[in-house]
Structures are given as C-alpha cells and as structure tokens.
Amino acid sequence: MAICRLTIRGAPYGLQARVRSTNDDVLACIEICLNILSESKYQREIEVATDLARAAGAVLLRHYYSPFLVEQKINALNEIEEVTAADREANELIVSRLLREFPDDGILAEESSDTEQRLTKDRVWLIDPMDGTKNFVQRDGDFAVQIGLAVGGESIAGVVYQPVRGVLYRAERGHGAWIEEAEKPAARMAVSKQIETTEMILASSRSHRSSRMERVVREFGFKKEMRRGSVGVKIGLIAEQQADLYLHLSPGTKQWDTCAPEIILEEAGGRLTDLFGRPLRYNGLRIDNRNGVVGTNGVAHAMVIESLAPLLREFGREPV
C-alpha cells in the first residue's frame with residue numbers, strides 16, 4: 001500500500017487529500033480532489049482578495065510603525081472623518097489590482113470616488129482599506145483590511161485581515177469560514193450555541209456609546225463585554241466563539257464595513273441583519289446601513305430581534 005498525499009496549488013482552503021492506496025486509488029483521489037476544486041466558484045476571487053488583504057496590511061503596518069499625519073475628510077454622507085496616507089495607499093493598491101483582475105466588476109471603496117456606474121454591475125467589490133482608522137491613530141491594533149464581493153446585492157465572498165495580530169478571516173458562500181494565523185494551519189470557524197442573554201458576551205465598541213446603547217445593554221442583562229474597534233474585528237469575535245452578539249444602533253456603518261464580515265459570520269453559522277431583522281443589501285445608491293446592524297451566533301438571532309423591537313419603538317426608530 002502507498003500513501004497518497006496530494007496537494008493542489010491554489011486549491012480552496014489549502015486542499016489536501018491523503019489516502020492509503022494502490023495506484024488506481026491514487027487516480028481516484030486525484031479525480032475526487034479535482035471535483036471538489038471545481039465546486040469552488042469563487043476560488044480565484046478569494047485568492048486575489050487574500051493576497052491583496054495581506055499586501056495592503058503590510059502597507060498599513062509600514063505607516064503604523066512610523067510617524068504619520070492625521071487629516072480630516074468629508075465623506076459621501078457629508079460626515080467628517082479621520083484619514084491617513086495609509087488609508088489612501090492601501091486603497092489604491094487594492095482597487096488597481098481588482099480592476100486589472102476583474103475589469104468587468106464594479107467597485108465601491110471608501111477612499112475612491114464613487115459613481116453610479118457600479119449600480120449597473122451584478123458583481124461589485126466593497127472595500128474598506130482600513131476599517132478602524134481611529135484605532136490605527138490610537139495605535140491600539142484594532143484595525144483591519146476588508147475586501148468583500150457582492151453578487152446581485154448579496155455578500156458572497158470576503159476577507160478580513162488584522163495586520164497587527166496577523167489574523168485573517170476568509171469565507172465563500174457554501175465553503176465555510178476560515179481563520180488563518182501565523183504558523184498555524186487554516187482552521188474552520190463555528191459560532192457558539194448560547195441563547196441566554198445574561199450568559200452572552202457582547203462585542204462592543206471601544207469608543208463612548210450613546211445612552212440608548214446603555215439602555216439596550218441594561219435591558220438585555222449582558223454581564224460581559226469585549227470592547228474592540230473595527231466592525232470586522234467584532235464580528236470576527238462571534239465567528240471565533242469569543243463573543244455571541246454585536247449591535248450597532250446608529251446608521252453609521254457603511255456597506256464596505258459589513259460586506260466581507262457578513263459572509264464570514266454567516267459561513268460560521270451566524271447571522272447579520274439590520275435592527276429589524278431584514279437582510280442587508282449591497283451596491284445600493286446609499287452607501288450607509290441606515291437601519292443599523294445586528295450580528296449574532298444565529299440561534300439567538302430571532303430572540304434578539306424580538307427583544308430589540310420594543311426598545312426601538314421607544315426610541316422612535318422605524319425601518320427606512
């Protein structure tokens with residue numbers, strides 16, 4: 001008997017097959033692996049996005065460990081935000097290669113000028129070259145590169161990379177959510193099964209929060225929180241079973257904040273919707289998630305939405 005250890009370069013998720021076999025079995029092993037490979041519809045997109053996230057992360061780290069200037073910008077919603085040369089350089093790196101690799105796709109990127117041309121595209125890349133610029137400025141490490149692909153307005157594939165920690169999440173519809181850490185093999189992620197709110201861990205923002213959010217925390221009775229920066233980082237905590245729930249009451253998140261994290265959370269078994277339980281849609285004319293967002297471990301999602309409803313009515317919130 002021989003041992004067949006088959007590794008296909010570029011195979012999804014580092015595909016390897018090992019079987020004790022005769023020569024005929026080796027051929028069967030190859031056929032099985034090639035069939036699995038063909039089932040990964042967005043393999044090339046994930047590979048390109050992963051390479052780009054790591055390359056952009058290296059750009060961010062170069063600036064992070066050097067003196068840098070912090071500027072202010074007016075975004076597409078006329079809001080004042082912080083921006084650095086690192087944001088712009090990483091954005092240019094990602095966008096320029098995506099345009100070369102997938103010239104027929106649309107692009108919505110935080111640091112690029114937006115046009116309505118993307119609205120004519122079925123496939124659209126949503127890019128946040130640095131989710132968590134405030135955290136970058138504060139040098140607390142809680143920032144991430146986020147690259148998501150939406151098809152027909154739905155999140156289909158995505159990568160979130162945390163350069164300081166060297167942690168990368170990636171997912172593709174139907175192929176699971178995976179975490180890659182330095183010197184460790186890729187591992188599949190799965191959310192918790194916690195349904196008791198008093199036992200759930202809330203992933204919350206590091207920054208000062210509103211009185212309304214304080215009210216929600218009290219009503220739900222959360223006993224423990226993990227306060228972190230980037231949306232992708234917080235949603236990743238749920239996919240890793242380090243947290244069970246994430247809430248963002250305001251319309252402050254943008255489509256590029258949630259596209260990649262959504263598919264990662266869903267493929268780990270969780271759910272991400274607006275505050276009213278409705279699906280998030282991508283490549284709309286407005287770039288903000290106007291109805292807020294809720295991310296959970298999935299099994300608790302309906303309960304969380306139901307429990308939020310009376311509070312939202314009290315706050316005068318209605319879906320828009």
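Predicted model: local features only at pLDDT ≥ 70, side-chain atom pairs only at ≥ 80, totals over all residues.
Axes are lines fitted to C-alpha atoms, for helices over the stretch in contact, with angles from 0 to 180 degrees between N-to-C directions; helices (H or I, at least four residues) and strands (E, at least two) are DSSP runs, numbered from the N terminus.

Residues are numbered from 1 along each chain as its sequence is written. Local features need pLDDT of at least 70 and side-chain atom pairs pLDDT 80 or more, whereas totals for chains, interfaces and linings use all residues, and side-chain values use heavy atoms, leaving out hydrogens and water.

Next comes the sheet. Five strands form an open, mixed sheet in the order β13-β12-β14-β16-β15 (strands pair if DSSP finds at least two bridges between them). At its edges stand β13 (224–228) and β15 (271–273), each with a single partner strand, so one side of each is left without a neighbour in the sheet. From one strand to the next, the twist averages 20 degrees. Strand β12 (residues 201–205) runs parallel to β13, joined by five bridges, and alanine 203 of the structure stands opposite methionine 226 in β13. Helix α6 returns here, packing on the sheet and touching β12, β13, β14 (245–248), β15 and β16 (293–296).

Technical notes: Contact = heavy atoms within 4.5 Å.
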